[in-house]
Amino acid sequence: MISAVRSAGAVVWSRGLARHSWTVGVWLLLSVLLVWYATLIPVFGQFQVTSISKNSLPLVYLAIGQAIIVIAGGIDLSLGGLLLLSNALAARFMEDQPFAMVLLVALLLIAGLALLNALVGYVISISGVPDIVVTLATGYIWSGIALWVLPSPGGGTAPEFRWLFTGAESGIGGTYVMPILMMLVPALVVFFLSRQTRIGLAIYAIGSDDTAARLAGLDVRRAKMASYAIGGALAALAGLATVALTGTGDPRFSVGANATLNSVAAVVLGGIALVGGTGLVLGAVAAGVILIMLNPILSAMGIDPNNAQIIQGLLIAGVMMVGGLVTLLRERSA
Amino acid sequence: MTASRPLLETVNIAKSYGSVVALEAADFAVRRGEIHALLGANGAGKSTLVKILAGVHLADSGELFVDGTPMQFHAPVDAMAVGIGTVFQDPALIPDLTLKQNLQLSEIDEPAFVSWLGWFDLGQLDLDALVHELPLETLRVVDLARALARDPQVLLLDEITAALTADQAERVFALLAHWKELGRAGVLITHRLAEVLRICDRATILRDGRNVALFEPGKEADASNGSSTGTMQDVGEHELVEAMLGAEVREERFEESGSETSASEVRSIADEIAFAARGLSSGEVVRDISFEVRRGEILGLVALEGQGQERLFSLLSGDRRPTAGEIQVGGAQRGWGGPYDAVSDGVVLIPGDRLLSLLPNLPVRQNLVVPLFNRIREWLRIPQDERKRVLNAIDRLSIDTRAASQVRRLSGGNQQKIAIGRWLVAGFRTLLCFDPTRGIDVQTKREIYALLRELAGNGAAILLYTSELAEIQLVCDRVLVMHDGRIVDEQEAARATESTLLTAAHGLEAAV
């Protein structure tokens, strides 16, 4: 498959860029913001890059998971709840454990939440109840269980585990190698999975037109469950990243609710249409980082952090309108 | 001849959707080496039977045999696995994926697929194109080539010719003949009876969910004069129509209303120009088109696939702005900002894809009254006569409202009637019809012809694009022929035959 892409060469590349111009645009926006931020503050270096990349991890993971589910024609409002659940379980069971045990807990959480969310996908597809309703309900349930597991902020994890996500065993300072690796590896794995494998194509297919997908002989239910499983696994990763970042668990409902909304914002900003079937996972990755970067940029500009949400809303609305305009102009000229 | 087992057979198949009985008891058998037509009016159960044969739906009861073996298909892959290749009425291609990705998804051998495209002269098709970038006509062929690449024993073609040009339809027929020679079979579902008579060996007629007739011309001929070379040609269109419609054959009505409002009479109603295009252009797609439609006139438009007719209609209905030229309504130039303005001027469109214009999840009544909400001052008003107007339209169009709660569950013919009916409710002066009878059964077609003539008789101006050339003589007064974005010919409908129209449509000078 890769050799086929290579042989087609430049034509494929230029067409790929044109087709995914939104994704390219979001990455350009991210680069511009980074450069701008670098000029805004007196010293820009390893510390800032590390800080932005590690703080982006939870949202980026959630955005990737949300992206896959949205591409498959669904939406998952329970991702924040799953994040809380993973976070609470991790903080409780990783506390004072050796690194090997911590890793085992992490892997179990990823696999377990993937299975759990696949089950949610199964329920959605057999019941015919809309995704948004089912996941709204399951989101409350997961958040409630998280509180039950960890009634108040607390718990902990192994220093090596904190290093894995932050590059420093204390979670402070460190180098940007680990956070960037931890961001790019899952992103590229899911991206490759979604674009090059049959299950990835099937996910795009059911989001694009699920009647046509069924008539073409696809197992629509299996593809839907796969998208929810990927979403669950990434929500688990997001919860693990949160434990690694803060060193403790935090089961507050508002944390999960915010995370869910931000994941949807990142997906939209990343050029993934909520109707499904289009867009690239990589767009949501860049959009997730952009949303996290807004805070330091605004504080560097001396703007009250309380106004950050207004700016975030304006940014999303503005980008969507510019994107719409570009599409319109391109259609006109065609 | 030994009575060998049929390649594909259903016995007493029944299927209901909720309270709507789609199939009551259908027996259907396809032999090796034949092309079998499956015919019936809208709602007779053809599409349901196809979906059961293709594994999309599971029958409620009854039996299904492939080569004599009882089968149960739980998913389309099950049917594909035993050699049933289906081309559905709606393309089964994923719009946001490329052709190549669509092939990968359904595990199709690419070289085989491409070589079948070659049969349809599309061997050079760019497999990296996104499906939604390709025209419907091409997608039908792609769908067919994909089914063929699986090398099926039986080909089920549901209304495949409806969206195809005449030359592509010919290639489909040649293909079916080839399939027959291979000792395989084809099932053709079509509303075009001329096709059935020409290429099919037998025909099963469904009515109200039951098989009511089986035409086997070879057998009859065998019995009567000892030859076995009978073809469907011996049956005749009339017999098929009668079997499809049952007791209520309503052929007379259309003929009558057709003659009542003959072209000359209509012209005497008014000579007023209702709608005109002057030098209308849109990039390279539509070039310098001028014509006028008078009140009471039905102006036909004929073109091969992809000559700019879609773009022309989107200009005329205000959906797209022309790059040059103008549209005149009642002699005055109009600059429309969108379909809203066109509708305000009484210019309304019946689009080619009827689901585009309908609200598929809403009931019939709401679909009919949508245009009434056009004016803001009517938002809060409850129109006193709304109910009457709606019932009137339902009655006048004889819309079957059994599945009235959701328009998407109605048959294609009934949906088309609603697309037209809403403008009867709202009122209009110029009607733009884009292939209104595509994929619609005989009876509904006749009703639509009669309705169009009646509307014209009442003073409406109608522009009718059609892919069925026979319709021109039946309903139109004049006909324009479009080729490569331009109007290349104008003919009196009464003298326009399929051959003169086709000649012009290919951009050729008529051989005088």
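At what angle do the axes of helix α16 (residues 386-396) of chain B and helix α17 (residues 412-426) of chain B cross? The legends below begin with that view. This is a predicted model, in which local features need pLDDT of at least 70, side-chain atom pairs count only at pLDDT 80 or more, and totals for chains, interfaces and linings use all residues. Residues are numbered from 1 along each chain as its sequence is written, while chains are lettered from A and ligands numbered from 1 in the order in which they are written.

**Figure 1. Helices α16(B) and α17(B) cross at roughly 140°.** Their axes come within 9 Å. Axes are lines fitted to C-alpha atoms, for helices over the stretch in contact, and angles run from 0 to 180 degrees between N-to-C directions. Helices (H or I, at least four residues) and strands (E, at least two) are DSSP runs, numbered from the N terminus. The angle makes α16(B) oblique to α17(B). Angles under 35 degrees count as roughly parallel, over 145 as roughly antiparallel, 65 to 115 as roughly perpendicular and the rest as oblique. The crossing of α16(B) past α17(B) is right-handed. A crossing is left-handed if the near helix is turned anticlockwise from the far one by less than a right angle, and right-handed if clockwise. On the α16(B) side, B:R389, B:V390, B:A393 and B:R396 meet B:G421, B:L424 and B:V425 of α17(B). Contact requires C-beta atoms, placed from the backbone, within 7 Å. The contact residues of this pair divide into 4 nonpolar, 1 polar and 2 charged. Ala, Val, Leu, Ile, Met, Phe, Trp, Tyr, Cys and Pro count as nonpolar, Asp, Glu, Lys and Arg as charged, and the others, Gly among them, as polar.

**Figure 2. Helix α4 (residues 46-71) of chain A packs on α9(A) at an angle of about 15°.** The two axes are 8 Å apart. That angle makes α4(A) roughly parallel to α9(A). The crossing is left-handed. Residues of α4(A) in the contact include A:T50, A:L57, A:Y61, A:I64 and A:I71. From α9(A), the contact includes A:P179, A:M183, A:A187 and A:S194. The contact of α4(A) with α9(A) has 13 nonpolar, 4 polar and 1 charged residues.

**Figure 3. Helix α9 (residues 177-196) of chain A also meets helix α14 (residues 281-300) of chain A.** Here the axes come within 9 Å and cross at roughly 155°. This makes α9(A) roughly antiparallel to α14(A). A:A187, A:V190, A:F191 and A:S194 of α9(A) meet A:V281, A:L282 and A:V285 of α14(A). By class, the contact has 6 nonpolar, 1 polar and no charged residues.

**Figure 4. Chain A touches chain B through 19 residues, which are in contact with 18 residues of chain B.** On chain A, α2 (10-19), α10 (198-208) and α11 (210-215) each supply at least two residues of this side. The largest share, 6 residues, comes from α10(A). The chain A side has 10 nonpolar, 5 polar and 4 charged residues. Mean pLDDT (the predictor's confidence in each residue, from 0 to 100) is 90 for chain A, and 96% of its residues reach 70 or more. Over residues 1-7 of chain A, pLDDT stays under 50. For that stretch the model has 2 contacts beyond four places in sequence.

**Figure 5. B:A37 lies in strand β3 (residues 34-39) of chain B.** B:A37 counts as buried, with 23 C-beta neighbours inside 10 Å. A residue is buried if 20 or more other C-beta atoms lie within 10 Å of its own, exposed if 12 or fewer, and partly exposed in between; C-beta atoms are placed from the backbone. Beyond four places in sequence, B:A37 touches B:L188, B:T190, B:V196, B:C200 and B:A203. B:A37 and B:I199 are 162 residues apart in sequence and 9.1 Å apart in space, C-alpha to C-alpha. Chain B has 20 helices and 20 strands. Buried residues make up 48% of its 512 residues.

**Figure 6. B:D208 and B:D484 have positive phi.** Most residues other than glycine have a negative phi. Phi of B:D208 is near 50°. B:D208 lies in the loop between β9 (202-207) and β10 (210-215) of chain B. With 15 other C-beta atoms within 10 Å, B:D208 is partly exposed. Phi of B:D484 is about 50°. The loop between β19 (478-483) and β20 (486-492) of chain B holds B:D484. B:D484 is partly exposed, with 14 other C-beta atoms within 10 Å.
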